[in-house]
Amino acid sequence: MKVLVAVKRVVDYNVKIRVKSDESGVDLANVKMAMNPFCEIAVEEAVRLKESGAADEIVVVSMGPKACQEQIRTAMALGADRGIQIETDEDLESLAVAKLLAKVVEEEQPGLVILGKQSIDSDNNQTGQMLGAITGMPQGTFASEVNLGEGIVDVTREVDGGLQTLSLKMPAIVTTDLRLNEPRYASLPNIMKAKRKPLDVKTPADYGVDVTPRLKTLKVEAPAQREAGILVSSVDELVEKLKNEAKVI
Amino acid sequence: MATLVIAEHENGALKGATLNTVTAAQQLGGDIDLLVAGSDCGAAAEAAAQVAGVNKVLLADADCYNHQLAENLAQLVTELSSGYSHILAPATTTGKNFMPRVAAALDVAQISDIVSVEGADTFKRPIYAGNAIATVQSSDAVKVITVRTTAFDAAGEGGSASVEALSAAHDAGVSSFVKEELAVSDRPELTSAKVIISGGRGMANGENFEMLEKVADKLGAAVGASRAAVDAGYVPNDMQVGQTGKIVAPELYIAVGISGAIQHLAGMKDSKYIVAINKDEEAPIFQVADYGLVADLFDAVPELEQKL
């Protein structure tokens, strides 16, 4: 079985972002970039499937400017076999990404597509589900456990009330939640080896997909700041403040 | 202009998130129809008919909509979409699951997790874990939107909408429900609780959460946790507050042994009052707390319980 994994290059999760003073967006100049954490979990899950013998090939795809090849190479260093970069300078919306992925799915015919449940920049949480609608594939979103069966995959999902398990007919889509696995680090020899793995570069036009944005960002502001409060010296003082000042208990 | 709101319900009752979503729909103007889809959900439809401001309730009662399987529910909503300018659902794990399928089937963008309605086509939504707020304008014919429920008040009762039963039953036949393990608790739900007490890595183990439960019982509070506490296996995932867990905005949020990573703050910083109890006075949680207590939680929490 072939597994397709999609990865996104985003601002590193440790970076405290700043909004540009003209409110046109978030300042990305000289900011450390990395693979979206949920995508790392997706790569790890695919690698584990390959190690268990359930998968025989892992194809990793990323979309964006040339720099996103770094994240493809990272995925290869972790165990992906080959990569596809869809090069564009357009800030792709989830719908466009899903349409492009659908074309890749058509060409590659994977048994499983694994994606992160959301990227930590746009926080949309849409791409996997949209890919499902376009391809007709079933989806197991927010996965905390994936069990392959004969032509089916059971996915345990983190839902608001607890955990829910679904059985999906393959080919299927899985989007990862935090506790699906703990991603490994790439070893130096594997990082070197990854440089020689095949990487195809395509464009949205190669797939005949119109990636024109549907949403216009009018402005991006910093959120209202909370004012730091006071330190209390004892539990007694805390209870007194909550009762008489805040009046919340 | 008319809006279709997809209701969330459980055991014949509407979930609170639906009421917040109706308020967002009211701010758009135009008629509001509510879709109740599920199995054996007639009672929920009756409850939906009493929500103030609702024009009509559509009831799709069929086995295939049980557990709101995304593949089946999205087909139903897509089919019903003609005639609506806006389709809204709460940004819960259910809404987040099926709504993007609706958007893609309609070939439109989805606007996720809106926190304000600026106009019929313009909305504000948090990005980068709430560290920036984007104002976005949609050029699509139908606006498919999920609503951050803590940003909108709950709609009241007093409506008397008609209930129209639909005969549609879409079973895509590609997914099926196996089982669920839902948390059972006498305490209020995290997302609707007026008071929340949450524990972090500082709790050291799951047993120590009993200390928080005792305080919660005195305050009628819900008990939450940081990602660190869930990852460490102290408590189950449904207790997680944060960017990728539950977004909460209670009157009072008490953070115990939580350092205050931005991913956690993203889930609770809209609370009215924040209390932090932490022995590390440098912990970032103190920068957002209205009242901070630098103390060992193992002394402070039992004392707090006693003095309430």
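Predicted model: local features only at pLDDT ≥ 70, side-chain atom pairs only at ≥ 80, totals over all residues.
Helices (H or I, at least four residues) and strands (E, at least two) are DSSP runs, numbered from the N terminus. With that in hand, let's look at a loop in chain B: B:Tyr128 lies between strand S9 (122-127) and strand S10 (132-138). B:Tyr128 is not a glycine, yet its phi is positive, at about 50°. Most residues other than glycine have a negative phi, and most peptide bonds are trans.

Residues are numbered from 1 along each chain as its sequence is written, chains are lettered from A and ligands numbered from 1 in the order in which they are written, and side-chain values use heavy atoms, with hydrogens and water left out.

The model scores ipTM 0.95 and pTM 0.95. Chain B has a mean pLDDT (the predictor's confidence in each residue, from 0 to 100) of 96, and 100% of its residues reach 70 or more. Chain B contains eight helices and 18 strands, and its C-alpha atoms fill a box of roughly 60 × 40 × 40 Å along the principal axes.

Now for two helix pairs. Axes are lines fitted to C-alpha atoms, for helices over the stretch in contact, and angles run from 0 to 180 degrees between N-to-C directions.

| Helix pair | Angle | Axes apart |
|---|---|---|
| H6 (235-244) of chain A and H8 (297-307) of chain B | about 50° | 10 Å |
| H3 (70-80) and H4 (93-105) of chain B | about 45° | 8 Å |

H3(B) is therefore oblique to H4(B) (angles under 35 degrees count as roughly parallel, over 145 as roughly antiparallel, 65 to 115 as roughly perpendicular and the rest as oblique). Their contact (heavy atoms within 4.5 Å) includes B:Leu73 and B:Val77 of H3(B) and B:Phe98 and B:Val102 of H4(B). Its residues divide into seven nonpolar, two polar and two charged (Ala, Val, Leu, Ile, Met, Phe, Trp, Tyr, Cys and Pro count as nonpolar, Asp, Glu, Lys and Arg as charged, and the others, Gly among them, as polar).

H6(A) and H8(B) are oblique to each other too. Among the residues that meet there are A:Leu238 and A:Lys243 in H6(A) and B:Glu303 and B:Leu304 in H8(B). This contact divides into five nonpolar, no polar and four charged residues.
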